[in-house]
Amino acid sequence: VGGARSTNEGAYAWARLAKGVLGTDNVDAQLGDGLPAEVVLGSARAKIADLDSAAAIVLCAPDLKEELPVLFLRVKRAATDLGVPIIDLSAAPHGLSPYVAHALAVAPGEQGLVAAQLVAALQGGTPASESIAAAAGAISGRDGKVIVVLGRPSLAERADATVAAAAALSGLADVAFVSALRRGNVHGAIEMGLAPGLLPGRVTLDAGRAHFAAAWGGAPAARGLDTEAILRACVEGKIQVLVLLGADPLADFPDRVLAKQALDTVTTVVAVDAFVSESNRRVKVFLPCALWGEQAGTVTNLEGRVQRVGRRVSPEGSALDDWRIAAEIASRLGHDFDLETVDEVTTEIAAVAPAWSGASLALVRGARDGFVLPLAEHSDEIVLRRGGLSLDAADAFSWEPIKPDDAPPAEPAEATLVDVDVDVDVDAGDGDGDGDNDTTTAAPDDVALPPLVVWDRAVVAPSVPARDGYALRVVVGRALYDGGRVVVQSPSLAGLGRTPALLVAPADAQRLGVANGTAVRATSARGSVNVELRATKGIAPGTARLHFAADGTGAAELIDATAVVTDLRVETIR
């Protein structure tokens with residue numbers, strides 16, 4: 001579990017260890033708060049710059065101001081400076097609400113239903129409401145793509161409703177998606193295979209099994225479990241060893257009760273981390289790793305842009321890069337990765353990961369602003385930096401987009417052929433006396449790469465339970481400055497942390513007979529927490545808003561990971 005805070009090279013090495021050596025697909029870089037990796041990687045992907053020329057921006061995402069503030073600024077600029085209308089599918093007010101052109105009435109868990117109504121109106125159907133008609137009218141006739149900012153609007157509901165909304169919106173003629181996943185290098189991690197059912201380079205396990213079995217010497221036989229299912233399997237005794245790769249489930253997983261049960265039950269926990277957390281205090285093995293600023297390699301942002309990062313500080317003590325830890329473990333299990341430097345890891349990724357075809361080490365070093373994958377679709381956008389690629393003296397510097405010599409041809413990825421050139425040390429069991437089961441690290445020459453993942457949009461919107469007239473349906477999001485480790489341990493940020501409060505509509509506060517600022521007990525089917533209630537304008541009646549506390553308290557005690565939505569009963573503490 002974890003890996004989203006590492007580099008692409010670290011994520012790749014751990015995917016190779018888990019899937020190529022151990023043969024397990026029980027791997028997940030997301031902690032139950034994201035979206036299925038197939039949806040993120042297999043949908044039509046937009047770049048951030050595409051927001052500026054969009055026909056409209058549809059928000060089906062968390063509060064960008066709190067969770068992805070740079071993306072928030074770009075969406076705000078598109079709306080305020082460039083006149084791009086924002087269509088909002090949110091169940092609670094957020095940082096972009098003042099700039100929204102049309103806010104559609106969406107109850108928690110019903111994004112799929114409202115998105116389908118909007119699409120039907122845009123395709124000529126009778127609008128289901130005046131707000132749907134107005135939103136459709138704002139989009140119709142405008143040039144450009146409809147850009148959907150897609151993320152998890154609430155941790156208090158399953159991802160199914162968001163996936164259903166994405167499936168409906170993908171039926172539009174010209175639509176693309178900007179991913180709104182918030183955790184570190186999560187896009188690079190899932191692209192490197194740290195997700196169930198996927199292998200490095202945006203290929204599914206079924207499509208890429210033979211390719212990676214040849215490259216690695218092995219691949220999982222069947223699709224594995226995501227984080228929620230992994231934790232549940234730990235509770236049921238079906239998993240005996242849990243590896244926490246820079247992850248803290250007690251603080252990050254939405255269902256704290258399940259996370260605690262899993263950590264209390266599983267036989268062995270191995271932590272690969274730079275910090276001690278509540279989740280890893282009782283581990284059997286703790287492997288210290290380098291963290292941001294101490295690692296070199298690459299990372300991938302939410303538009304699929306790969307950028308190089310450099311080591312600025314040397315790690316202390318015995319801390320190692322994530323990729324090196326994975327390689328050392330593999331070596332002790334009899335599998336030599338034959339990787340000595342981070343550049344060798346980057347080269348191997350380009351050799352075996354289909355979406356990375358053509359992304360040579362020279363290109364990684366030479367692209368001024370990085371490059372967007374796959375290169376077959378974006379090679380003409382690359383701009384070189386001074387001293388980047390090896391060019392003739394007369395052409396040593398250019399600010400103009402160029403197509404690098406080693407980029408693949410502009411044709412579908414499934415038809416792209418590669419000639420892999422990686423040093424291979426094959427010693428297949430082989431009696432050489434070194435005790436290793438040496439494995440190949442390259443695919444056969446001139447073999448067609450497996451096709452990139454395409455999301456199957458045949459999904460059904462979840463059935464949302466009827467509302468309880470005495471309860472509030474809660475929307476849970478994260479705060480930019482919370483009780484997390486970086487904020488708490490940074491003197492300049494510690495004072496910015498906020499105590500979570502339950503935000504309700506003034507009418508609901510009056511109905512409950514609770515004055516603004518009163519301490520209340522909020523109780524769900526999962527548990528109870530004490531929190532301050534605040535009457536807030538803009539909250540829809542029957543709905544409440546609560547920020548997720550990164551210190552593991554608050555909303556995490558209320559959320560059942562299996563529930564479609566979360567309802568709360570509120571009572572005054574006496």
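This is a short chat about a predicted model.

Colleague: How many helices and strands does the protein have?
Modeller: The secondary structure comes to 18 helices and 21 strands.

Colleague: And what share of the residues is buried?
Modeller: 53% of the 574 residues count as buried. The accessible surface of the protein is about 23,900 Å². Carbon and sulfur atoms hold 51% of that surface.

Colleague: What about contacts between residues 24 or more positions apart?
Modeller: They make up 71% of the contacts with a separation of 6 or more.

Colleague: Let's take a sheet. In what order do strands S11, S12 and S13 come?
Modeller: The order is S11-S12-S13, in an open sheet with antiparallel pairing. Strand S11 (297–300) and strand S13 (371–372) are the edge strands, each pairing on one side only.

Colleague: Which helix packs on that sheet?
Modeller: Helix H1, residues 8–22. H1 touches S11 and S12, and its direction makes about 90 degrees with that of S11.

Colleague: How many bridges join S12 to S13?
Modeller: Two, with S12 covering residues 305–309.

Colleague: New topic. Which residues form the nonpolar surface patch with about 230 Å² of accessible area?
Modeller: Leu480, Tyr481 and Leu496 form that patch together.

Colleague: Where does Tyr481 lie?
Modeller: Tyr481 is in the loop between strand S16 (472–478) and helix H17 (485–488).

Colleague: Why does Tyr481 count as partly exposed?
Modeller: Because its relative accessible area is 30%, and partly exposed covers the range between under 20% for buried and over 50% for exposed.

Technical notes
Residues are numbered from 1 along each chain as its sequence is written. This is a predicted model: local features need pLDDT of at least 70, side-chain atom pairs count only at pLDDT 80 or more; totals for chains, interfaces and linings use all residues. Side-chain values use heavy atoms; hydrogens and water are left out. Patches are made of residues with over 30% relative accessible area and no salt bridge: like charges are joined within 9 Å, nonpolar side chains (Val, Leu, Ile, Met, Phe, Trp, Tyr) within 5 Å. Accessible areas come from the Shrake-Rupley method with a 1.4 Å probe; for residues, only the protein chains shown count as cover. A salt bridge is a side-chain nitrogen of Lys or Arg within 4 Å of a carboxyl oxygen of Asp or Glu. Helices (H or I, at least four residues) and strands (E, at least two) are DSSP runs, numbered from the N terminus. Buried means under 20% relative accessible area, exposed over 50%, partly exposed in between (1.4 Å probe, protein chains only). Two strands pair if DSSP finds at least two bridges between them. Contact means heavy atoms within 4.5 Å. Axes are lines fitted to C-alpha atoms, for helices over the stretch in contact, and angles run from 0 to 180 degrees between N-to-C directions.
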